There are 2 protein chains.
Amino acid sequence: MVVVDPDVRRRELAEAVWRVVLRDGLIGASVRNVAREAGLSMGSLRHYFGSQAELLSFSLRLVGERTTARLRALDVTAPPRELIEQVVHAVLPLDEETRRETQIWLAFLGAELTTRGLSKLNDEVYDGLRHLFGLVIQALVEANLVRPELDLEQETQRLHALVDGLAVHAVTRPDRMPADQVKALLAHHLEELCEPT
Amino acid sequence: MVVVDPDVRRRELAEAVWRVVLRDGLIGASVRNVAREAGLSMGSLRHYFGSQAELLSFSLRLVGERTTARLRALDVTAPPRELIEQVVHAVLPLDEETRRETQIWLAFLGAELTTRGLSKLNDEVYDGLRHLFGLVIQALVEANLVRPELDLEQETQRLHALVDGLAVHAVTRPDRMPADQVKALLAHHLEELCEPT
């Protein structure tokens, strides 16, 4: 008998949720459909996740973990301005993998109104990103790059809203907002936050 | 027998779709559920909409029409800077009514990947707003308010992404991004686009 690491199995199931959501929408992500997608019985799936809510929460949380992993892999010795662009790029849908992750996020966001338990989870995603953008602005301040008259709290919120708006546009209208344009736009935004040098 | 204006009836049905989507998600917006919500038979509903896709498209298009109606009602004799804030406010979820409309948009956006026909419709919404923000930036230029070095195409895209990001935050996290904060943030953004006076 093959013993499977439960953690590995849970991740596989979460990835099965992703495939189902990308193909059929959240509407299709019943426990039955996900079990079939993963090639497991319903009973086996229930061994790893007690409910559909748990399964869906875990699969959205995995999106956050992927983002965190990309952030941890960044070269923190890069100059502040460059590092900050890398940070912002790490949370944006600029390639196939991150595009899929953003589509999952968007599917959950559109459904949270009516799906119990998702709201709290989306709060976590929101607060995590807000915190990250706070650190970004703070890093610019510490490097003496930011225009001194700026309201840092407001700039954090503005950067967060701009990034989320760009993420929505990049995944839903990739022909009108391709990755290069997203990057150029953010570079321009960060440029404006910084003092003329 | 009461004769109902077909146009009025179609709008009533679209509003029934809205109520169902806000309560149960797009997942709940079957022809059967919408007919029940509107107090009509399935047969009567089919008299007005040949398919679920037609019904859903019409109900999303109605969101766009409401926005257009708000834009038409604006006082175009207001000073450019003020008028432009009014325009931006008209497309944002700043009260209960517009919050509902944005929630509908978000539900459709999250589902469009998998719901045939929605993609084209979301293109219309996107292009309509992009055009509107182009007009906003153009109006600022004509009033000689915009900093001359700005790339107008890029500023149009940035304003559009910022507004959509704020719309997402305002409806999904109203406690963290209340209407006053949305307005203050946009005022600051428009201020930055304009020349120091």
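Biologist: What area is buried between domain 1 of chain A and domain 2 of chain A?

Modeller: About 1,500 Å², and carbon and sulfur atoms give 79% of that. Buried area is the accessible area (1.4 Å probe) that two parts lose on being put together, summed over both. Keep in mind that this is a predicted model: local features need pLDDT of at least 70, side-chain atom pairs count only at pLDDT 80 or more, and totals for chains, interfaces and linings use all residues. Residues are numbered from 1 along each chain as its sequence is written, chains are lettered from A and ligands numbered from 1 in the order in which they are written, and side-chain values use heavy atoms, with hydrogens and water left out.

Biologist: Where are the domain bounds?

Modeller: Domain 1 of chain A is 1-50 and domain 2 is 53-193. The bounds come from an automatic or database domain assignment. The C-alpha centres of the two domains lie 27 Å apart. Each domain puts 16 residues into the contact, where contact means heavy atoms within 4.5 Å.

Biologist: How many salt bridges between those domains?

Modeller: The count is 2. The rule wants a side-chain nitrogen of Lys or Arg within 4 Å of a carboxyl oxygen of Asp or Glu. Glu65(A) and Arg11(A) meet in a salt bridge through their side chains, at 2.8 Å, N to O.

Biologist: Which helix gives the most to the domain 1 side?

Modeller: α1(A), with 9 residues. That side divides into 12 nonpolar, 1 polar and 3 charged residues. Ala, Val, Leu, Ile, Met, Phe, Trp, Tyr, Cys and Pro count as nonpolar, Asp, Glu, Lys and Arg as charged, and the others, Gly among them, as polar.

Biologist: New topic. How many helices and strands in chain A?

Modeller: 9 helices and 0 strands. Helices (H or I, at least four residues) and strands (E, at least two) are DSSP runs, numbered from the N terminus.

Biologist: Now the chain A and chain B interface. What area do they bury?

Modeller: About 3,700 Å², with 56% of it on carbon and sulfur atoms. Chain A and chain B each put 44 residues into the contact. The rule finds 10 salt bridges across this interface. One of them pairs Arg158(A) with Glu192(B), the closest N and O atoms being 3.2 Å apart. The largest share of the chain A side, 13 residues, comes from α8(A). The chain A side divides into 16 nonpolar, 15 polar and 13 charged residues.

Biologist: And His189(B), buried or exposed?

Modeller: Buried, because its relative accessibility is 1%. The cut-offs are under 20% relative accessible area for buried, over 50% for exposed, and partly exposed in between (1.4 Å probe, protein chains only).

Biologist: What is His189(B) in contact with?

Modeller: Arg158(A), Arg158(B), Leu159(B) and Leu162(B), leaving aside neighbours within four places in sequence. His189(B) is in helix α9 of chain B, residues 179-193.
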